[in-house]
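I opened my notebook for this one and worked through it a piece at a time.

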Amino acid sequence: MSPGSASASAAVQLSVRNIHKSFTGKGAGVRVLDGLNFDIHEQDFVSIIGPSGCGKSTIFNIIAGLIEPDEGRLVYRGEEVASLRGRVGYMMQKDLLFPWRTVLGNVLLGLEMRGVSYRAAVERAREHLEAFGLGGFENAYPKTLSGGMRQRVALIRTLVMDPGILLLDEPFSALDYQTRLYLEGVLKQAVEKFHKTVVLVTHDIDEAVALSKRVVVLSGRPARVKAVHDIEIAEHSPIAARSDHRFAGYFRTLCNELDIQTETKSAAESATRFAPAGPTEAVAS
Amino acid sequence: MSVITAEKPQGLQSRRRRPDKRKRSLFNTTIGRAFLQALAVAALLVLWQAGVRFGVISDFLFGAPAGIYATFMRMAGSGELLSDTGYTLFEAILGFVIGTFFGSIAGLALWYSIFVARLVEPFIVAINSVPKIALAPIIILWFGTGLVSKVALAVSLTALVALIAAYQAAKDADTDLQALLISMGANKHQIFYKAVVPSTIPSIIATFRINIGFGLVGAVVGEFISSQHGLGHLIYNASSFYDLNTVWVGLFALMLVGFALYYVIDLIERMLIPWKVVTVTHQVQV
């Protein structure tokens, strides 16, 4: 396996090896993934960023077992597997709460699939709801909750199954900025408390830097790994991480890597948002 | 400047309008509306009776409210009306339940196999395009003139409606929810029971409303063709004797039955899909 990254001591949990995938549309097929390789370590927090439409979600669908790759292997804890179906916690931009189930019923979903006894499942679900500040909302239907609360329920539903890897596909991108910051914090705390491995697909560079230990940058379609960056920000909270002195540097590096050519200037500007504001910025706005 | 002056009278106007609205809302309550509705019915009956009295409306062809009332009292007193209503109600409900139940089950089951669904689709369309009432003579031949033929006719009217609606709803079930279940390790049965079936419940209940009416149609048409009992029998017989007052009693009884069944369905809906009813208390007013 490829050693490469700085955290050499961490064991590899999941290896994605040489994954190819193309979709047959009208006429010529579209090559989405073209020999994709990367490793996820135990208790890793990896963000995957790349130009939109480069096939980030396709990778997740392959790992979760929703679609099959044309070619390539997945190696999970030393064992070659077809997919991680049943062992992942998948969370998407849409909360995907079942409208006919109450909050409690939604959280129970994964445990039901696993055949956990009802009583044990309810107890576990209640504990989690309590821990995430949703005690008392057990019998509410999703329709009556705010967007942030719904996504928090989705997060609890994902965590309560105790999955091997959390696959988060732009989970917060439909939320307003304050709710997003809050939920990023909730996620980070939960992940550290339960020692979870997270793979986060995001289009939000700032979110990627603030949350991750490592960031994988993909090229445009067909997607290949362009670079892997270790993020060495000691701060644990996503808000504190944003004011770390290295934050702006990482942000700029990643922006340049994504070839945001015409917007390089504005990207650099938004990076300085987090540095002490100069008088020029006031004039510019 | 002009903007400010233009705004001022508007503000005044809306303030003046408010007590006006409050006055109107006196009728816009449950009791107020019931009063207006009863008033409309009473006015119609009075006009009808007066028309007959002054020779504008033919008593022979249209009947008269006073005569309808007298007939109603006689038939209700003898228990004749109640027993006929009971027959029709029983046939309609039985046909509705059997047709809707098996139709829905069959429609949901088609979700399991796209192959089978595509195979049977042209047959379903073909059978559905036949006006089911046209089957009535054969059904009477096959099932006799008793209860079974009426129920069978009601089933033939309701089953395909339920089947098509249930299949369509199963096809339209949110694929993202199904994908989520797959990622959790669900098999096809679990996807069916936990995602597909619950998401079809609202559509299936929507077909209840349509099918309860079709159940009544089946029962009444069956009774028209050949029967000893039921409101259809009552209406058909009375009309062949030009006994319009009795016809009207039968029609009003049917109306009441349909009305009552509609509200029963409403109640069932509230019990079965509380997650949907929660927010439907307020309608957007334009």
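My entries below go from the fold of one chain to a contact between chains, then to one residue and a helix pair.

**Entry 1: overall make-up of chain B.** I noted at the outset that this is a predicted model. I then looked up the secondary structure of chain B and found 13 helices and 0 strands. Read from the N terminus, the order of elements is α-α-α-α-α-α-α-α-α-α-α-α-α. I also checked burial: chain B has 286 residues, and 32% of them count as buried. For contacts in chain B between residues at least 6 apart in sequence, I found that 75% join residues at least 24 apart.

**Entry 2: domains of chain B.** I looked up the division and got domain 1 at 2-53 and domain 2 at 68-277. Taken over C-alpha atoms, the centres of these two domains of chain B are 38 Å apart.

**Entry 3: where chain B touches chain A.** How many residues of chain B are in contact with chain A? I found 15, and they meet 19 residues of chain A. On the chain B side, helix 9 (175-183) and helix 10 (188-225) each supply at least two residues. Helix 9 of chain B gives the most, with 7 residues. I sorted this side of chain B by class and got 10 nonpolar, 4 polar and 1 charged residues.

**Entry 4: a residue in helix 10.** I picked Phe214(B), which sits in helix 10 of chain B. Is Phe214(B) buried or exposed? Phe214(B) counts as buried because 26 C-beta neighbours lie inside 10 Å, and the cut-off for buried is 20 or more. Leaving aside residues up to four places away in sequence, I listed Ala154(B), Leu157(B), Thr158(B) and Val161(B) as what Phe214(B) touches. I also looked up Ser156(B): Phe214(B) is 58 residues from Ser156(B) in sequence, while their C-alpha atoms are 9.4 Å apart.

**Entry 5: a helix pair in chain A.** I turned to helix 2 (residues 103-114) and helix 3 (residues 118-131) of chain A, whose axes come within 9 Å and cross at roughly 125°. That angle is why I wrote helix 2 and helix 3 of chain A down as oblique to each other. The crossing of helix 2 past helix 3 of chain A is right-handed. In the contact, helix 2 of chain A brings residues including Val103(A), Leu104(A) and Leu111(A), and helix 3 of chain A brings residues including Ala121(A), Val122(A) and Leu129(A). By class, the residues of this contact are 9 nonpolar, 1 polar and 2 charged.

Definitions and conventions:
Residues are numbered from 1 along each chain as its sequence is written. Chains are lettered from A and ligands numbered from 1 in the order in which they are written. This is a predicted model: local features need pLDDT of at least 70, side-chain atom pairs count only at pLDDT 80 or more; totals for chains, interfaces and linings use all residues. Domain bounds come from an automatic or database domain assignment. Axes are lines fitted to C-alpha atoms, for helices over the stretch in contact, and angles run from 0 to 180 degrees between N-to-C directions. Helices (H or I, at least four residues) and strands (E, at least two) are DSSP runs, numbered from the N terminus. Angles under 35 degrees count as roughly parallel, over 145 as roughly antiparallel, 65 to 115 as roughly perpendicular and the rest as oblique. A crossing is left-handed if the near helix is turned anticlockwise from the far one by less than a right angle, and right-handed if clockwise. Two residues are in contact if their C-beta atoms, placed from the backbone, lie within 7 Å. Ala, Val, Leu, Ile, Met, Phe, Trp, Tyr, Cys and Pro count as nonpolar, Asp, Glu, Lys and Arg as charged, and the others, Gly among them, as polar. A residue is buried if 20 or more other C-beta atoms lie within 10 Å of its own, exposed if 12 or fewer, and partly exposed in between; C-beta atoms are placed from the backbone.
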